[in-house]
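Please open the model in a viewer and keep the selection panel at hand.

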Amino acid sequence: MKAVSMLNLVPVRAGQTNAEAIGSMVKLAKEAEKLGYARYWIAEHHNTGSLVSSATQLLIGHTLAHTETIRVGSGGVMLPNHSPLLVAEQYGTLATIYPNRVDLGLGRAPGTDQLTAAALRRNERDVSLNFPDDVRALQRYFGPADKQGYVKAFPGVGLEVPLYILGSSTESAYLAAELGLPYVFAAHFAPRMLEMAVEIYRRGFKPSAVLDKPEVIVCLNAIVADSDEEAAYLATSQEQFFLNVVRNTRNPLPLPVESMEGVWSHPEEAMVRQMLSESLVGSKERVAKQLESFQNRLHADEVMAVSYIYDEEKQYRSYSLLKEIVSDGCIG
C-alpha cells in the first residue's frame, strides 16, 4: 500500500452549529497534515441537514487556506450537477492559488435525491449519461493550450489538475479503465460490488499519459481505538448515523451508546451492517489484521479512511493509530 488518506463528508455533530462543523473539518485537515496523510478529500452532498458538504469547492478552498502541504480535493464533484467549464474554472483557480495541492475526484451520481437533483439542474433531463463526455471535456480544459477549442477554461489551461474517477458500482470502472485514470471505489457505504468493479478496472485498463498501470483507491470506514471494546463503543455513532440512511432521516452525528439494542430493529441492523461491511473497527492490533486481510483480497494502492467518531480527540487518535498501522510497513 502506497499511502493512506482521509475523506470527510463534514458531518454535523449533535449540539454543533454548521459553522462549528466546518471548524471541525479544518481542525481535522490540520491533524491529517501533521500525521502525514497523503490527501484530504471533501464530499459533495445536497439537501442533507446532517452534512455541510454542499458547496464543496468553497470548503476545499477554505481547507487549503488553513493548511500548508497536504493535497486537498473533491470526493467528489458530482458532475451531473455542474458544467464542466465551471468546474474547470473553479478548480483551475484553486490550483493556481495552491499549486500541486488540488485533486479532482469526479462522480457520476448527483449526490442527492431526484427532486433535489432536478432543482440543481433546473431541468428534468438526466445528464448523468453525459459523464464520459464531461470527463473528457475536463481533460481538455486542463490540457495544453494547443488542444483547446474556442471555449477555454481560464485559469485552467495547462494546469493538468489530477482527475480521479469515483464509483460505487461497476459503471465507472469501465470509464476509468478506458481513460487510464485512477479509480476510487466508495466501499464506505456501497461495498457490494467492490471486488467486481476493481477487477473490471484492472482487466480493462489502458495506459495513458497519466498512468502506465492501474491505480486503485478504496474508501473504507475506520475506527481504531486503544481497545476493541472502546472501538466498538465509538462505532455506535457510525451505526446510528447510517441508520439515518435506512430511515431516511437527517439526524446529526450522535453520541455513542453502550448498546444498539433497542435503537434499531433486526431488519435495520442487517441493512446497516451490509453498508458497513467494509469497515476497520478495533484496536491497533485487530485493525492491522483486518487491513492485511483486506489487502490480500484487493491489493489497493491506497486506502481513504472515513471516521464517524463523535469525540474529536478520539477521532484524531483513531487516525493516528491507523497511520501507524500503514507506516509500520506490514500491510502490502
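How much space lies in the largest cavity? About 120 Å³ lies there, a cavity being a set of points on a 1 Å grid over the protein atoms alone where a 1.4 Å probe fits but cannot get out; a volume is the space filled by probe spheres set on the points, which are joined across faces, edges and corners. The model is predicted: local features need pLDDT of at least 70 and side-chain atom pairs pLDDT 80 or more, while totals for chains, interfaces and linings use all residues. Residues are numbered from 1 along each chain as its sequence is written, and side-chain values use heavy atoms, without hydrogens and water.

Select N8, P11, R13, L28 and Q315, the closest to the centre of the largest cavity among its 16 lining residues (an atom within 4 Å of a point). α1 gives the largest share of this lining, four residues. The lining divides into 11 nonpolar, four polar and one charged.

Next, select E44, S54, T56, Q57, V77, H82, V87, Q90 and Y91, which line the second largest cavity. Its volume is about 50 Å³, and α3 supplies the largest share of the lining, three residues.

Finally, turn to the second largest pocket, with about 310 Å³ of space; a pocket is an open set with protein on both sides within 12 Å along at least five of seven lines. Select Q139, E160, V161, L181 and V210, the closest to its centre of 17 lining residues. α5 gives the most to this lining, three residues.

Technical notes. Helix = DSSP H or I, 4+ residues; strand = E, 2+ residues; numbered from the N terminus. Nonpolar A, V, L, I, M, F, W, Y, C, P; charged D, E, K, R; others polar.
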